[in-house]
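Here is a predicted model.

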Amino acid sequence: MRSATFPPIRVKPEVRSEVEAVLREGESLTQFIEEAVVSAAAWRRNQAEFVARGEAAIDRCKREGGGLSVDEAMADLQGRLDAARSQAAKRSHQ
């Protein structure tokens with residue numbers, strides 16, 4: 001049961017037409033908007049949690065020491081890329 005409403009939003013007629021053009025069979029504009037709002041809120045929550053985990057990892061690394069220098073990290077990534085390219089080249093010649 002729904003117990004709250006969002007405020008109405010004003011959009012250009014072209015925007016409404018674009019949204020209505022992608023509605024699935026039997027789907028209402030209200031259902032589409034609700035799904036979009038819920039998805040956007042979940043995305044932002046996940047994004048905020050991701051940033052918080054990253055910041056916590058940075059703080060932990062600073063406290064405990066360790067980690068890689070930029071040059072070490074780039075060398076590691078380059079090595080992985082080179083290995084992947086080598087494997088891809090071997091597969092394409094088989």
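Q: How many salt bridges does the rule give?
A: The count comes to two salt bridges in this predicted model.

Q: What makes the contact between Glu20 and Arg16 a salt bridge?
A: The closest N and O atoms of Glu20 and Arg16 are 2.8 Å apart. The cut-off is within 4 Å, so the pair qualifies.

Q: Where do Glu20 and Arg16 lie relative to each other in helix H1?
A: They are four residues apart in H1 (residues 13-21), which means a separation of about one helical turn.

Q: Why is Glu20 called partly exposed?
A: Its relative accessibility is 35%. Buried needs under 20% and exposed over 50%, so a value in between is partly exposed. Arg16, with 46%, is partly exposed as well.

Q: What makes Arg80 and Asp76 a salt bridge?
A: Their side chains meet at 3.2 Å, N to O, and the limit is within 4 Å. Arg80 and Asp76 are four residues apart in helix H3 (residues 70-92), about one helical turn.

Q: Why is Arg80 classed as exposed?
A: Arg80 has a relative accessible area of 57%, and exposed means over 50%. Asp76, with 36%, is partly exposed.

Methods. Residues are numbered from 1 along each chain as its sequence is written. This is a predicted model: local features need pLDDT of at least 70, side-chain atom pairs count only at pLDDT 80 or more; totals for chains, interfaces and linings use all residues. Side-chain values use heavy atoms; hydrogens and water are left out. Helices (H or I, at least four residues) and strands (E, at least two) are DSSP runs, numbered from the N terminus. Buried means under 20% relative accessible area, exposed over 50%, partly exposed in between (1.4 Å probe, protein chains only).
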